[in-house]
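Here is a short tour for anyone meeting this structure for the first time. Take a look at the sequence and the fold, then read on.

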Amino acid sequence: MSHIVGKSAYKSLEERLNRFPQGAPSSDTLYKILEILFDKKEAELVAQLPIKPFSAEKAAKIWGMKIGEATKVLDKLSSKAILLDVEHDGKRSFIMPPPMAGFIEFSMMRTRGDIDQKLLAELYYQYLNVEEDFIKELFYSTETKLGRVYVQEAVLSNDSSVEILDYERASHIIKTASHIGISTCYCRHKMHHVGKGCDAPMDICMTFNNTAASLIKYEHARQVDASECLELLEVAYENNLVQCGENVRKGVNFICNCCSCCCEAMVAAKKFGVMHPVETTNFIAEVNKDTCVNCEKCIKKCPVGAIKSVVINKGTPMEKTIAEVDKNLCLGCGVCVRNCFNNSLLLKSRGKRIITPATSVHRVVLMAIEKGQLQDLIFDNRALSSHRAMAAILLSILKLSPVKKAMASKQMKSIYLDKLLDTK
């Protein structure tokens, strides 16, 4: 009987996770992961929590507990990095992050003795690298991407430097963050446990603002200042790591420094190839055919295999072998440019600026619309009393293009929302 009750709790938790656009496809492996991260009681309680941020008072009401008792539970969940503990204008609230970027990564962002991290790493590898459903869902289920690439600023020409906007600079994100936390790279930590790790730097995962504050508070990250974080960014550049951060213009919560062999996004790019798993930069690599000597260094260093050798002017005295960039695969990260010894590679504008969601709410609303899940955000029954959360969602909808607004209206089948959209 206890097994049935436990399974029911984890099933409810899985359903709760999948009300958010960044969900977790059902799998026996997923249940094993959840059983390590959550005990049965925690699974039962977390399954009842709202999608949107909530207070201890709200949780207490949902759980039928006294506020003090509920606060103890919330503190414990936050200490395990299952919830984020956020303070805003002197008020404390909580939010459950999605599996990724969220509690899956957080569980491996420091060495822990309270869980079996080796077993967890093996399960993550099975769920993310072998079964693939989660990765396909995470990276390819919506047009709007969870993450985006930041260009290596030092390799930009003077002309290109003028074109880059502040929110496209990792350095700007670092300099303007309210809090900065540094943790162990989840991807490489996981891969080390399964015998597939590399020698790229480990303690280089960057979190910012309220996410960083919560992780620092519960010692899942160490607090650093902007200058130390900028030094780590240079270390990442020197090790040919790609900066993948949250796909928003304001309030970026993370920047990962990704290697080509361990990072799920880079591995997915090479494995599936057709679509980018993360949004590219506004730049693309271009080869100077006259000066390229086909040393193949750029081919070896490209994190997604977007460069290959080709023969040009075949059958003529001008025949030569050079590097060629596949523009459909190129992330525009600049790693290849950094590694070209004779400056035969440069980054050029893609010609059409990529649209980046304004905030995390804006991005989540877009992803929800594209997955047909907008109703899960707006009619989150456990959080309808949060007028602020509702207003943020509706404001994001009103800022969308006419096509996206039409999609939102169609999904909601709501006379109220139709009228609201028609008046703007």
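A residue counts as buried under 20% relative accessible area, as exposed over 50%, and as partly exposed in between. One thing to keep in mind while reading: this is a predicted model.

With those cut-offs in hand, let's start with I36. Its relative accessible area is 22%, and that value falls between 20% and 50%, so I36 is partly exposed. You'll find I36 in helix α2, which covers residues 28–37.

Which residues does I36 touch, once its neighbours within four places in sequence are set aside? The contacts are I115, L119, L120 and L123. Take L119 from that list: L119 and I36 sit 83 residues apart in sequence, yet their C-alpha atoms are 9.0 Å apart in space.

## Aromatic pairs

Now for the rings. The structure holds five aromatic pairs. One of them joins F38 and F103 in an edge-to-face arrangement, with 5.8 Å from centre to centre and 90 degrees between the planes. This pair links distant parts of the chain: F38 is in the loop between α2 and α3 (40–46), F103 is in helix α6 (residues 99–106), and 65 residues separate them. Are these two residues buried or exposed? Both F38 and F103 are buried.

Y124 and Y186 make another pair. Their ring centres lie 5.9 Å apart and their planes meet at 70 degrees, so this pair is edge-to-face as well. Y124 belongs to helix α7 (residues 117–130) and Y186 to helix α11 (residues 186–193), so the pair ties together parts that are 62 residues apart in sequence. As for cover, Y124 has 0% relative accessibility and counts as buried. Y186 is buried too, with a relative accessible area of 2%.

## The whole chain

Time to zoom out. How many helices and strands does the chain have? Its secondary structure comes to 21 helices and twelve strands. The chain has 424 residues, and 55% of them count as buried.

What about contacts across the sequence? Taking the contacts in the chain with a separation of 6 or more, 70% are between residues 24 or more positions apart. Finally, the surface: the accessible area of the chain is about 19300 Å², and carbon and sulfur atoms make up 53% of it.

Methods
Residues numbered from 1 in each chain as written. Predicted model: local features only at pLDDT ≥ 70, side-chain atom pairs only at ≥ 80, totals over all residues. Heavy atoms only, no water. Helix = DSSP H or I, 4+ residues; strand = E, 2+ residues; numbered from the N terminus. Buried < 20%, exposed > 50% of the residue type's maximum accessible area, 1.4 Å probe, protein only. Contact = heavy atoms within 4.5 Å. Phe/Tyr/Trp six-rings, centres within 6.5 Å; stacked < 30°, edge-to-face > 60°. Areas by Shrake-Rupley, 256 points an atom, 1.4 Å probe, with all protein chains shown as cover.
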